[in-house]
Amino acid sequence: MPEKTRQKIHRKTRVGILFGGKSAEHEVSLQSAKNILEAIDRDKYEVTLIGIDKNGKWSLFDDSSYLLNADDPKKISLGPASREVTLNPGSRYNNLTGISDTPSAGSVDVIFPVLHGPFGEDGTVQGLLKLAGIPFVGASVLGSAVGMDKDVMKRLLREAGLPVGKFLVFNRENRTGLNFLDIEAELGRPFFVKPANYGSSVGVNMVKDESGFEKAVEEAFVFDHKAIFEEYIEGREIECSVLGNENPVASIPGEVKPRHDFYSYEAKYLDENGAQLEIPAELEDRIVARVQELAVETFKVLCCEGLARVDFFLTSNGEVIVNELNTIPGFTRISMYPRLWEASGVSYPELIDRLIQLALTRHEKDRRLKTNY
């Protein structure tokens with residue numbers, strides 16, 4: 001066999017790690033990308049770093065200088081970019097295009113998006129990648145959009161007969177006349193006010209009395225045009241990771257024990273002592289089985305693929321209630337998703353490898369579909 005052919009067959013898979021983004025979860029994404037880059041198998045994968053700044057500009061970055069203050073979650077930021085790029089739809093071998101210099105900026109075989117929140121986890125980037133014909137890790141357009149919108153998510157879960165807490169939803173246009181007493185009558189108190197389309201507890205407030213109501217509502221509408229009001233469920237916070245496409249499997253569950261009022265953004269990403277993560281959670285076997293069953297059912301009902309983390313409440317009478325699902329859960333060094341799989345026997349490098357292979361398998365399957373007559 002000619003040497004050139006042999007090298008082509010055995011070349012490394014080119015993985016583009018797509019990170020940063022325009023959302024309020026930009027810094028979380030930088031931390032996630034850092035951990036994936038450190039763990040990915042460099043003998044098998046060639047990595048291209050594609051960072052998106054807070055204005056939405058895509059650029060290539062060198063792995064030696066792509067982050068500033070990399071070890072400080074409160075100060076971490078993008079480093080200097082090497083060149084600005086965009087996608088080149090339909091070009092398999094030169095699908096990254098330079099903006100202001102030579103046309104080609106190389107290509108990637110698969111994209112690993114670690115974009116948390118809007119403009120990355122909500123189906124927008126997934127749609128762009130599908131149009132460009134590039135395989136990507138994680139849920140496709142529908143699963144990503146549904147997973148981001150807590151209102152639609154909870155309605156679908158409720159329709160499927162899965163246990164969810166009580167909730168109310170208001171758009172910016174119909175918030176006139178919205179008052180604390182009406183919400184309290186429906187949900188009791190305390191209750192939570194959240195932007196419907198966000199993650200990582202951004203814009204989330206626990207309302208304990210009327211004095212904090214208006215401020216919580218205002219903050220929710222800063223981040224979204226739709227706010228969701230959820231009942232407070234007294235119980236343990238249990239999380240479970242899911243992995244797979246058509247036949248997903250669940251990890252062992254873990255438990256979050258917040259040291260703040262609830263598992264806030266600060267507790268998740270800024271304060272290493274903000275919560276105690278118990279892995280595995282101390283649960284009866286029947287509860288473990290129930291959590292895993294519901295995690296997989298939730299994953300399927302919400303049309304997910306690749307990966308997701310499903311969050312639950314476990315009440316004192318043993319009822320397991322679905323709180324929400326995250327289609328691109330955090331991959332930071334204190335994040336539950338990779339830690340739960342590690343405790344389940346799947347190492348961080350192996351987890352990354354499985355996710356990439358799931359993306360390539362799905363893309364090949366989709367490629368066989370007929371798109372025109």
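Predicted model: local features only at pLDDT ≥ 70, side-chain atom pairs only at ≥ 80, totals over all residues.
Me: Which residues have the most contacts inside the largest nonpolar core?
Reply: In soluble globular proteins, nonpolar side chains tend to be buried together. A nonpolar core is a set of buried Ala, Val, Leu, Ile, Met, Phe, Trp, Tyr and Cys residues joined through side-chain atoms within 4.5 Å; buried means under 20% relative accessible area, exposed over 50%, and partly exposed in between (1.4 Å probe, protein chains only). Here the largest such core has 32 residues, and F19, F112, F331, L355 and I356 have the most contacts inside it.

Me: Which elements give two or more residues to this core?
Reply: Helices (H or I, at least four residues) and strands (E, at least two) are DSSP runs, numbered from the N terminus. The contributors of two or more residues are the strands β1 (13–20), β2 (45–52) and β8 (110–114), together with the helices α2 (26–39), α10 (336–343) and α11 (348–367). The largest share, six residues, comes from α11. A second, separate core has 24 residues, among them A281, I287, C304 and A308.

Me: With which residues is F331 in contact?
Reply: Contact means heavy atoms within 4.5 Å. Leaving aside neighbours within four places in sequence, the partners of F331 include Q31, N35, F112, L307, Y337 and L355.

Me: How many salt bridges does the structure hold?
Reply: Side chains of opposite charge can pair when their charged atoms come close. A salt bridge is a side-chain nitrogen of Lys or Arg within 4 Å of a carboxyl oxygen of Asp or Glu. The structure holds 23 of them.

Me: What separates D151 and R155 along helix α5?
Reply: D151 and R155 form a salt bridge with closest N and O atoms 2.9 Å apart. They lie four residues apart in α5 (residues 150–159), and are therefore separated by about one helical turn. D151 counts as buried because its relative accessibility is 7%, whereas R155, at 41%, counts as partly exposed.

Me: What is the strand order of the open sheet of four strands?
Reply: Strands of a sheet pair through backbone hydrogen bonds, either parallel or antiparallel. Two strands pair if DSSP finds at least two bridges between them. The order is β9-β12-β10-β11, with antiparallel pairing. β9 (167–171) and β11 (205–207) stand at the edges, each with a single partner strand, so one side of each lacks a neighbour in the sheet. Three bridges join β10 (residues 191–195) to β11, and F192 stands opposite M206 in β11.

Technical notes
Residues numbered from 1 in each chain as written. Heavy atoms only, no water.
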